[in-house]
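You asked for a colleague's reading of this model.

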Amino acid sequence: MAAPFPSPTATWHNTTYPALSPTRPELSAKGKTVLITGGGTGIGAETARYFAAAGASRIALLGRREKPLLDTKFSIQREHPSVDVFVAPTDVTNKSQVDKAFDLFLKNGQKLHVLITAAATLGPKDSVEWVDGPAFLGGVQRNLEGALYAAQAFLRHAARDAVVVEVNSNAAHINYSPLYPSYSVAKLAVVRMWDSVAFANPNISVFHVQPGVVDTDMNKEVGGVKATGVEDHVSLPASFALWLASPEARFLKGKYLWANWDIDELKARKDELQASRHLNIDLVGWPFGETGWKGTWNE
């Protein structure tokens with residue numbers, strides 16, 4: 001289909017496609033342990049189904065409400081009875097709850113191979129001029145708390161070559177409306193927080209993903225599908241996350257990616273993308289031709 005947004009790939013997708021199939025051997029999750037925040041509904045729940053179909057051995061679903069978590073667990077186990085699905089009602093802004101959920105799932109020294117962070121909160125719907133200050137800051141804080149506490153728990157349990165797929169929002173880099181500054185600030189801050197994790201832990205692969213315009217409960221709050229005139233199927237970000245967790249996508253670690261972009265076209269540009277800052281959230285033009293430059297810091 002024709003791309004409704006600017007795109008680095010000529011092909012634009014609004015649903016999953018064969019290159020993202022969990023039946024592809026290259027995307028196998030066999031033996032992998034996966035934890036998903038926001039795992040009870042929407043993108044998180046569908047992502048869990050794709051990892052189960054790809055052979056993940058254990059999947060943890062974290063979310064605020066127990067019933068959706070259990071519903072997702074049972075739907076997965078009906079289709080994939082060999083997959084061990086763990087659920088933990090968890091408020092990701094509560095550090096003790098996050099720590100407890102990770103520790104229960106990964107007891108006896110087990111390691112986490114894949115973390116999918118799909119939990120977020122919208123915050124107040126108002127412009128900078130009129131927004132209530134504590135509400136604005138509270139929205140930023142809740143999103144950052146959820147990311148920070150998940151990152152800290154993840155780092156205690158992560159396998160050496162673990163993968164993080166951080167489900168973000170194009171609000172981090174596009175101004176759609178003056179009504180969502182709290183959310184936009186929060187999503188950009190979350191990108192930088194996970195970039196700090198990747199910088200300190202170069203063996204870990206972190207990916208930032210704009211999941212598409214999926215008609216989730218939070219998307220409905222902002223009128224995303226109606227406002228943009230675009231709708232993407234939930235299978236697209238779910239299968240895209242599965243691909244990112246595979247070795248085939250490792251050349252894109254650290255990048256900010258839209259799930260709509262065609263992976264075969266991205267793979268065709270592997271050497272170029274891996275060697276450049278293209279698709280990173282950066283100062284445009286940096287480092288101004290000095291491709292070998294690295295920052296130093298003496299404590």
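This is a predicted model: local features need pLDDT of at least 70, side-chain atom pairs count only at pLDDT 80 or more; totals for chains, interfaces and linings use all residues.

The points below take the helix contacts and then the cavity and pocket.

1. Packing of α4 on α5. Helix α4 covers residues 133-157, and its axis comes within 9 Å of the α5 axis, with a crossing angle of roughly 20 degrees. Angles under 35 degrees count as roughly parallel, so α4 is roughly parallel to α5. The crossing is right-handed. On the α4 side the contact is made by A135, F136, G139, V140, N143, L144, A147, L148, A151, F154 and L155. On the α5 side it is made by P181, S182, Y183, V185, A186, A189, V190, M193, W194 and V197. By class, the residues of this contact are 18 nonpolar and 3 polar, with no charged residues.

2. Packing of α1 on α2. The axes of α1 and helix α2 (residues 66-79) come within 10 Å and cross at roughly 25 degrees. The two helices are therefore roughly parallel to each other, and α1 passes α2 in a right-handed crossing. From α1, the residues A45, A48, R49 and A52 meet T72, S75 and I76 of α2. The contact of α1 with α2 comprises 4 nonpolar, 2 polar and 1 charged residues.

3. Packing of α1 on α8. Helix α1 (residues 42-53) and helix α8 (residues 235-244) have axes that come within 8 Å and cross at roughly 50 degrees. The pair is therefore oblique. Again the crossing is right-handed, with α1 passing α8. I43, E46, T47, Y50 and F51 of α1 are in contact with a set from α8 made up of S235, P237, A238, S239, A241 and L242.

4. How many cavities of 30 Å³ or more does a search of the whole structure find? The search finds 1. The largest cavity holds about 40 Å³ of space. Its lining consists of I43, T47, V165, V167, V209, P237, F240 and A241. At least two lining residues come from each of α1, β5 (158-167) and α8, and α8 supplies the largest share, 3 residues. The lining of this cavity has 7 nonpolar residues, 1 polar residue and no charged residues.

5. Link between points 4 and 5. Among the cavity-lining residues are I43, T47, P237 and A241. I43 and T47 of α1, and P237 and A241 of α8, also take part in the contact between these two helices.

6. The second largest pocket. About 1300 Å³ of space lies in this pocket. It is lined by 28 residues, and those closest to its centre are F199, R277, N280, D282 and K294. The elements that contribute two or more residues to the lining are α5 (181-200) and α10 (270-274). Which element gives the most to this lining? That is α5, with 5 residues. By class, the lining of the second largest pocket has 13 nonpolar, 7 polar and 8 charged residues.

7. The contact of α4 with α5 has no charged residues, whereas the lining of the second largest pocket has 8.

Conventions
Residues are numbered from 1 along each chain as its sequence is written. Side-chain values use heavy atoms; hydrogens and water are left out. Axes are lines fitted to C-alpha atoms, for helices over the stretch in contact, and angles run from 0 to 180 degrees between N-to-C directions. Helices (H or I, at least four residues) and strands (E, at least two) are DSSP runs, numbered from the N terminus. Angles under 35 degrees count as roughly parallel, over 145 as roughly antiparallel, 65 to 115 as roughly perpendicular and the rest as oblique. A crossing is left-handed if the near helix is turned anticlockwise from the far one by less than a right angle, and right-handed if clockwise. Contact means heavy atoms within 4.5 Å. On a 1 Å grid over the protein atoms alone, a cavity is a set of points where a 1.4 Å probe fits but cannot get out, and a pocket is an open set with protein on both sides within 12 Å along at least five of seven lines; lining residues have an atom within 4 Å of a point. Grid points are joined across faces, edges and corners, and a volume is the space filled by probe spheres set on the points. Ala, Val, Leu, Ile, Met, Phe, Trp, Tyr, Cys and Pro count as nonpolar, Asp, Glu, Lys and Arg as charged, and the others, Gly among them, as polar.
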